[in-house]
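These are my notebook entries on one structure, set down in the order in which I looked things up.

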Amino acid sequence: MQNIINKIYKAFFLVLISFSSGIYADDYLLQSWKTPDGLPQDSILAMVQGSEGYLWLGTNAGLARFDGVKFKIFSHWNTPAMRSDKVTALLVDRNGTLWAGCDGGGVLRCEKSGWSSISTSEGLSHPGVTSLYQDTDGSVWIGTLNGLNRLRGENIEIFSIEQGLPANIIQALGLAPDGALLVGTLTNGLAKFSRDKFEIPEYLESCTHHSVTVIRADGRGTSWIGTDKGLFALRDGVLAKLDDQDHPITGLRSLLLSHSGKLWAGTDGNGFFSVTTFDLKVEPVVEQLQDHYIYSLLEDSEGGFWLGTFTDGLFRVNHKKLAVWPAQQESNERLINSVLLDANGFCWAGTRKGGLLKLKQGEVIQRFTTGGGFEGSDVRALFEESAGTVWAGTGSGVVNIIKNDRTISSFRPCRGSQPYSVNTIFRDSHKAIWIGTSRGIVGFNPGESLEAKDELVLPDQDIRFIEEDSKGELWIGSDYGLFYSRNLRFVQYENESGVLNTDVMSFFEDELAVKWVGTNGDGLLAIKDGTIHRFTKADGLRDHFIFSIEKDSFGRLWMSSNQGVFFVPYADLEEVIAGERKMVRCYSLDESDGMPSRQCSGGVGPSSGMSTSGRLLFPTVRGIAVFDPTQLAIDDTAPKVMVEEILADNRSVTDRDSLVIPANTSVIEFYFTAINFQSPRKAQFKYKLEGFDDDWTLLPSEQPRAAMYINLEAGSYRFRVLAANSDGVWNDEGASVEFKIGSGFPIIPILLLLATLAAGILFYRFRRKEPSNVPELKDKKYSTSALTEERALDIEKKLLDLMEKEQIYLAPDLTLKKLAERLYVHPNYLSQIINDSLQQRFSDFINHYRIEYAKNKLLDEGENQKTILDIAYESGFYSKSVFNTAFKKFTGSTPSDFRKK
């Protein structure tokens, strides 16, 4: 009989679905959250996605709401209707109402009007809730530790053994293939509820003595039942068990049928599984998981896959969008300076400490390090002279020549004892070789002997790149600016705005002869018809540091940066230049997409590469990011935006209808979010207070999602916030809140009057040379500040901790506004503290820390191989001139003189 059932089962199963072989480390990424990340507790007993897009998580210590970045916790401490913090079951009904079943607290219901609860006092059979389900007529079924409850409106009907249930402890509720209700019990298997009565058909008797833990219907005629003894499928009146002797699956705790038709199974201690296609075998998946107790599974609206574990918190499974080379890395080979794809299809990688690597399909097939004729472990510049011959310039000023996988010679392009590095090597259309170093450029004519030279082009400049445009002119980028060749001379580029002397890192000329220049902190420049157009974060770019530029076959401009790799549609850039668009769409990749690190490498070359098949390669500090632009799926769905909370002088504003905020309110704060789970930390925001702001304020993705306004005048206002998802698609409607500031007692003018009178008294007593008991007033611009002394001391302590412990001053784009946002304080308050309490200007305050850091680096013998410019960048300075000026100001000497001490 069992063989017949199995044959029937296989027949309908094969028609039903086709399963993948599993989720493996090579194809997927696991992102995790635990209590240190904001979870109230690491047991995720239930999961559901709400109508607004939030992820709701049931734990042993409360209900957590998650937007992808932060958690908001609901417990009996802040939600009076919540009678127990252990949340065991979750449901979102057809009206969008959230239901939470609690162990010992009944059911918690969240509606627009607020939270309410249903327990034994309201007629529930038992306060220990185990499962929730809404049937086709809208009734909510509540499984408990003592009976089953049906809630119709506000009426509760109780069912137990007396009404035909096989047991009173209910564990699972779900839909049968014929539309009836299936009820799973702790000790006596399944029952079916149809036509207002319970029955146990003969085909359900095979799991009579099983503990049924989970029921899921796939909507195509099959219901999947998980029990303590295995996985069953119910279809066409047949209940069949899925048997696999190699991987027996028992202790089922959770099931998920994804939108693509895949079935996933989590167990109570036996791991996580999927089902293969034709042989119906069960295979373990997600090898990185340490916790084999998978209590809840969820697929979100973006297609993301979530796992809730019993001891290890929350996980999201993301598809990798790229590969990482080398596939197997040694520790000294992780920091990649440059990449080169040669004519034979091999990849060459210059590393910071591991020498030169030759790779084939991501695997290292040969290494060149000090010895055997090769000099230097810090390989920076790469150049293919001919098929099979590669030049490698090093940080110690040596150029190695490799031919047929053997180092045949090496030479130094510069004479003298001053240390330098070889950053880039280029051959122009006239076959001349140009070698860019940290001391300038050395040129070799065709056939000229490769011997060290004294004379350098652009001496004392750190050369980033040497490129040739469509007219045969050479373009050179250095820390002193952009240069090009004219009449056998190199001149600095300038236009009607003056000389372009910003620190430049990369160069690309498109088919329209537009020159695209990446800078070291000043964004992307487009030189078109003699005019320079600058693109920054305010225009939609992900970062101001552009290390390399490539253009793919789809007309997209790709750039590498400190914030990962990103691309912008070329048409967007043109439309911004023409004034037809305000911001570009920016699509980015970072660690959440599989990059080994968002910190890319630049300043030497080549700092990117494109294969003949169109694959892009970008070096990073932890390997090479390799991906195919044709395989990248772009999310065109704009995120939903919400204003979550409003604070007026630190008091929460709950009633937003006809909102009137009292007059003389000092600080109004708006906290907002956008639901985006694929790469939530890459979401971007911009906000505007209509009636106060003239333009939008762009909030970078790394900043807190909040806006703050102080001392608003009486009147009507409208706060608006817009958001873009991780692929740069904006929700242009966003969210908004209208409010009024009431008119009241004019305290501020009176305070100003009193301050003026006090100043007059001081002046009068000073003229009479009499002692005064009136304390000296602070700077006038702070006379109306709401900053208390206690609050100022707290901010000052947090500020110093941030500087000394987290070394935030090393961020080159740090501003007063960004620092204030990290401290959750208004920039005016932070400026007051730095000026008054610390007696410094903001720039001096930051640069003091940077110079101290640089001094330690310059005196460290282990940093001798680093150039002064390298140390300047590591210390948070974005240009050589700014570093030199600040160093002289704080130490009285130049960096080079200080290093010689």
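How many bridges join β7 to β8, and in which sense do they run? I find 5 bridges between β7 and β8, and the two strands run antiparallel. I note at the outset that the model is predicted.

Entry 1: strand β7 and its neighbours.
I looked up the partner of Ala100 in β8 and found Leu108. The hairpin formed by β7 and β8 has 3 residues between the strands, and Gly104 in its turn has a positive phi of about 100°. On the β6 side I again count 5 bridges to β7, in an antiparallel arrangement. There Leu90 stands opposite Ala100. β6 and β7 also form a hairpin, with 5 residues between them; Gly96 in that turn has a positive phi of about 85°.

Entry 2: burial of β7.
I then asked which residues cover each face of β7. Leu98, Ala100 and Cys102 lie on one side, Trp99 and Gly101 on the other, and all are buried. In a regular strand, side chains alternate between the two faces of the sheet. Because 5 of the 5 residues of β7 are buried, I record the strand as largely enclosed by the rest of the structure.

Entry 3: nonpolar cores.
The largest nonpolar core has 30 residues, and those with the most contacts inside it are Leu57, Leu63, Leu90, Trp306 and Leu314. Among the elements that give two or more residues to this core are β6 (87–92), β7 (98–102) and β8 (106–111). Apart from it I located another core, of 27 residues, including Val641, Tyr717, Phe719 and Ala735. Nonpolar side chains tend to be buried together in soluble globular proteins.
For Trp306 I left aside neighbours within four places in sequence; its contacts include Trp33, Met47, Phe66, Leu314 and Phe677.

Entry 4: a sheet of 4 strands.
I traced an open sheet in the order β47-β48-β49-β50, with antiparallel pairing. Its edge strands are β47 (504–509) and β50 (531–535), each pairing on one side only. From one strand to the next the twist averages 20°. β48 (residues 515–519) and β49 (residues 524–528) pair over 4 bridges, and Gly518 stands opposite Leu524 in β49. Helix α2 (residues 570–577) lies across β48, β49 and β50, at about 120° to β50.

Entry 5: cysteines.
My search for disulfides returned 0. Cys414 counts as buried because its relative accessibility is 3%. Cys586 also counts as buried, at 1% relative accessibility.

Methods: Residues are numbered from 1 along each chain as its sequence is written. This is a predicted model: local features need pLDDT of at least 70, side-chain atom pairs count only at pLDDT 80 or more; totals for chains, interfaces and linings use all residues. Side-chain values use heavy atoms; hydrogens and water are left out. A disulfide is a pair of cysteine sulfur atoms within 2.5 Å. Buried means under 20% relative accessible area, exposed over 50%, partly exposed in between (1.4 Å probe, protein chains only). A nonpolar core is a set of buried Ala, Val, Leu, Ile, Met, Phe, Trp, Tyr and Cys residues joined through side-chain atoms within 4.5 Å. Contact means heavy atoms within 4.5 Å. Two strands pair if DSSP finds at least two bridges between them. Axes are lines fitted to C-alpha atoms, for helices over the stretch in contact, and angles run from 0 to 180 degrees between N-to-C directions.
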